[in-house]
Amino acid sequence: MTTTTVDATPAETVVSLLAREIEDGSVVATGVASPLVILAIAVARATHAPGLTYLACVGSLDPVLPELYPSSEDLRYLDGRSAEVSIADLFDHARRGRVDTVFFGAAEVDPAGRTNMTASGSLEKPRAKFPGVAGAATLRQWVKNPVLLVPRQSRRNLVPQVQVATTRDPSRPVRLISDLGTYELGGPRGAKLLSRHPWATVDGIAERTGFEFTVPDTLPVTSLPDARTVSAIRALDPRNLRDALVGG
């Protein structure tokens with residue numbers, strides 16, 4: 001893994017970016033297979049957003065988050081909960097506009113912001129099945145701040161057109177955070193690179209992006225996390241599970 005010139009790894013930088021998407025006092029929810037996002041929520045709570053409300057996919061409201069566990073379905077994420085929350089409750093809150101931020105992963109993402117979590121090939125004749133939608137198709141359109149996450153971007157997952165559109169939201173652009181940069185997708189002018197991470201170049205990003213994107217004349221470089229954030233990340237993930245989840 002590439003190291004940065006400062007004391008923050010690519011994984012720590014991506015986690016800090018995810019954490020910055022969460023405002024103090026906001027409501028954030030996670031689905032299955034979201035360990036990196038759970039770490040970001042714990043970091044946000046420990047730093048700039050102590051008043052966030054967390055709806056965990058195991059069915060808990062505001063569980064304690066003492067450390068990152070290998071599975072986001074670990075039942076230790078029930079510990080310290082203030083209440084139990086069912087999947088039906090989660091969708092009801094989202095439908096009523098009470099959920100601010102949800103992060104969505106995908107096997108494929110295209111420049112229109114559509115994601116594929118369903119299958120390769122076609123629905124009629126799938127070559128391989130992916131984890132599945134799990135309600136993301138509607139949830140993405142209901143939450144106030146949907147964010148896409150691809151922690152190991154390549155031409156295989158950032159594609160010109162998804163093979164199956166699992167989620168889409170043509171009503172608004174969506175932010176995509178990867179291990180190389182941050183994009184805006186689905187805007188009127190197509191995909192746009194918003195920033196590059198310090199270890200990435202525009203040419204290197206293009207080599208690992210399967211669709212065309214525009215680049216502003218002055219492309220910002222992603223700010224590295226401050227010392228307080230890095231300290232929180234390392235305290236909450238003492239086994240360094242994060243490095244195995246992020247490219248760079």
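Author: V14, V15, L18 and A19 in α1 meet L36, L39, A40, V43 and A44 in α2, where contact means heavy atoms within 4.5 Å. Helices (H or I, at least four residues) and strands (E, at least two) are DSSP runs, numbered from the N terminus. This is a predicted model, in which local features need pLDDT of at least 70, side-chain atom pairs count only at pLDDT 80 or more, and totals for chains, interfaces and linings use all residues. Residues are numbered from 1 along each chain as its sequence is written, and side-chain values use heavy atoms, with hydrogens and water left out.

Reader: Is T101 buried or exposed?

Author: T101 lies in strand β5 (residues 101–104). Buried means under 20% relative accessible area, exposed over 50%, and partly exposed in between (1.4 Å probe, protein chains only). Because its relative accessibility is 3%, T101 counts as buried.

Reader: Which residue in β10 is the bridge partner of F103?

Author: Two strands pair if DSSP finds at least two bridges between them. β5 and β10 run parallel and are joined by four bridges. In β10, the partner of F103 is V147.

Reader: Why is strand β10 largely enclosed by the rest of the structure?

Author: β10 is also joined by four bridges to strand β11 (residues 174–178), and these two run parallel. Strand β10 covers residues 145–150, and it is largely enclosed because the number of its six residues that are buried is five.

Reader: Which residue in β11 is the bridge partner of V150?

Author: β10 and β11 are joined by four bridges. In β11, the partner of V150 is S178.
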